[in-house]
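Welcome! Take a moment to turn the model around on your screen, and then follow the notes below.

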Amino acid sequence: MSDRATVPHMTPDEFRVLGHRMVDAVADYMSRVESMPVLPACKPGDVLRQLPSAAPHAPGGVAGWDAIFADIERVILPAITNWQSPHFYGFFPANASGPAILGELLAAGLGVQGMLWLTSPACTELEMRVLDWLVDALDLPDAFRHEPRHLAPGAKPPGGGVIQSTASDATLVALLAARERARRDGKSGHLTLYTSTQSHSSVIKAAMIAGLAANPEDRTHLRLIDTDHAFAMDVAKLEAALRTDLAAGRTPVYVCATIGTTSSTAVDPVDQIAGVLRRTGCERTWLHVDAAHSGSALICPEFRSMSKGVEHADSFCFNPHKWLLTNFDCDCFFTRDRAALLGALSITPEYLRNSATDTGAIDFRDWQVPLGRRFRALKLWFVIRHYGVEGLRAYIREHVRLAALFEELVRGDDRFEIVAPRSANLVCFRLKAGDDATRTLLERVNASGRLYMTHTVLPAVGYTIRMAIGSATTQEQHVRAAWDLIRQ
Ligand code: PLP
């Protein structure tokens, strides 16, 4: 009996037909998403109830795909939160784009596992090249490049970039590298970490995973530094915390600054933080910059005041999967200290040994927590080639223009107030009538299905609505319609 009689593989020709049909389904979704409610009208358990409790035993084979396509329409689409809707203003965006989707398709089709240079040279070297391009495009330090422009003859590149899955992973690997550097410096004992009260929860989580904080409330190891009136880290308070810890014989290992905090896109002053580290003799304390969302704006020269001082950072990350047209997952992480990173994460069992590794080839498994890795550089390559740096700049500028327009509309209505400085594409506002009125407004607007925004609570302000304008398809008419709905 042939293999085909028992294992119903999809032949390349069958794949071609079904693949075209799936691309049609995705293109149809792109055309329809604007008219779909942003939030699905569904309750917990609704999807589960429509799915059989046991897996099918008999093969559905090619003939079964009509039913699969029908189920996508019947079960999946009605229960989708439409992140790609032009009316999606919640959280931060999760951009998708045609070029990136094609990159995902090709990566899946090639089925490459890029853990070592050997297991797919193109996967590693395209990633090196594309990340070097981004160092230039965002005007990041030369030391973040795999091929620095200023390297003494014969010297080894000190740093480089790598795609991590998420900014949370980037925060964690930076912390592991920080601890490794401290270990190499002969520092042990009580290690301390610093970040602002407004930084993302992934910093606390990383400290817990690394065993450097016992629990989320462990302030004896993790110092949460208060922020100023603009919700940026108060550097005087950072300096005081560092001095107290140094005087008590503790070792500050890690500072995480944020360019674009989650609640309000506040920008920590990286240059001043680096100055504090120098003044307090903490030059070896690892400075990581989390620019998960707002980092994409650095592609435009006019927004680079946000990254002032980044040349002093040991590492930096941003997420093209948020605001740079590249489907999740894609976090670009750069470091100037590859040795500390590899010291923390590199291990070579016999079964991975090969001559390319032995002669110094880059194995990106050593730059991340997992062993395996997908060919994510493809989608980034397609995005950059399709849009070009100029096209990406125009894209970011339009969202920032729309955010400025929205801010102006809010300011023009004296029932509302803007409650945080707008650094890029996020507008934080509320009703002067207070928390309850603001919460009720948000709930009513979101329940309409016509747009979706989320909230935060800002210190000394209270309940705040966040309008994050960054969906790939959002245009001025959508923003004006959103404001009309909100003010009504
Ligand atoms: N850092 C900041 C500033 C964020 O805003 C976010 C998410 O919004 C994260 C980190 C976490 O991102 P990820 O989902 O890539 O881990």
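Let's begin where two helices meet: in α5, Pro 99, Ala 100, Leu 102, Gly 103, Glu 104, Leu 106, Ala 107 and Leu 110 touch Leu 378, Lys 379, Phe 382, Val 383, His 386 and Tyr 387 of α14. Sorted by class, the residues of this contact are 10 nonpolar, two polar and two charged. Keep in mind that you are looking at a predicted model.

**How the two helices pack**

- Helix α5 covers residues 98-110, while helix α14 covers residues 377-411.
- The angle between them is about 145 degrees, and their axes lie 7 Å apart.
- The crossing of α5 past α14 is right-handed.

**Who surrounds the ligand**

- The ligand has 14 residues around it, and the closest are Ala 167, Ser 168, Thr 262, Asp 290 and Asn 319.
- This shell is made up of nine polar, three nonpolar and two charged residues.
- Two helices, α7 (167-184) and α11 (320-323), each give at least two residues to the shell.

- The side chain of Thr 166 has an N or O atom 3.4 Å from a ligand oxygen.
- His 321 takes part through its side chain, with a polar atom 3.4 Å from an oxygen atom of the ligand.
- On its own, the ligand has 400 Å² of accessible area, and the protein covers 86% of that.

Note on methods: Residues numbered from 1 in each chain as written. Predicted model: local features only at pLDDT ≥ 70, side-chain atom pairs only at ≥ 80, totals over all residues. Heavy atoms only, no water. Near = heavy atom within 4 Å. Polar contact = N/O pair within 3.5 Å; in protein donor to acceptor, adjacent residues only side chain to side chain. Areas by Shrake-Rupley, 256 points an atom, 1.4 Å probe, with all protein chains shown as cover. Helix = DSSP H or I, 4+ residues; strand = E, 2+ residues; numbered from the N terminus. Nonpolar A, V, L, I, M, F, W, Y, C, P; charged D, E, K, R; others polar. Axes fitted to C-alpha atoms, helices over the stretch in contact; angles between N-to-C directions. Left-handed = near helix turned anticlockwise from the far one by under 90°. Contact = heavy atoms within 4.5 Å.
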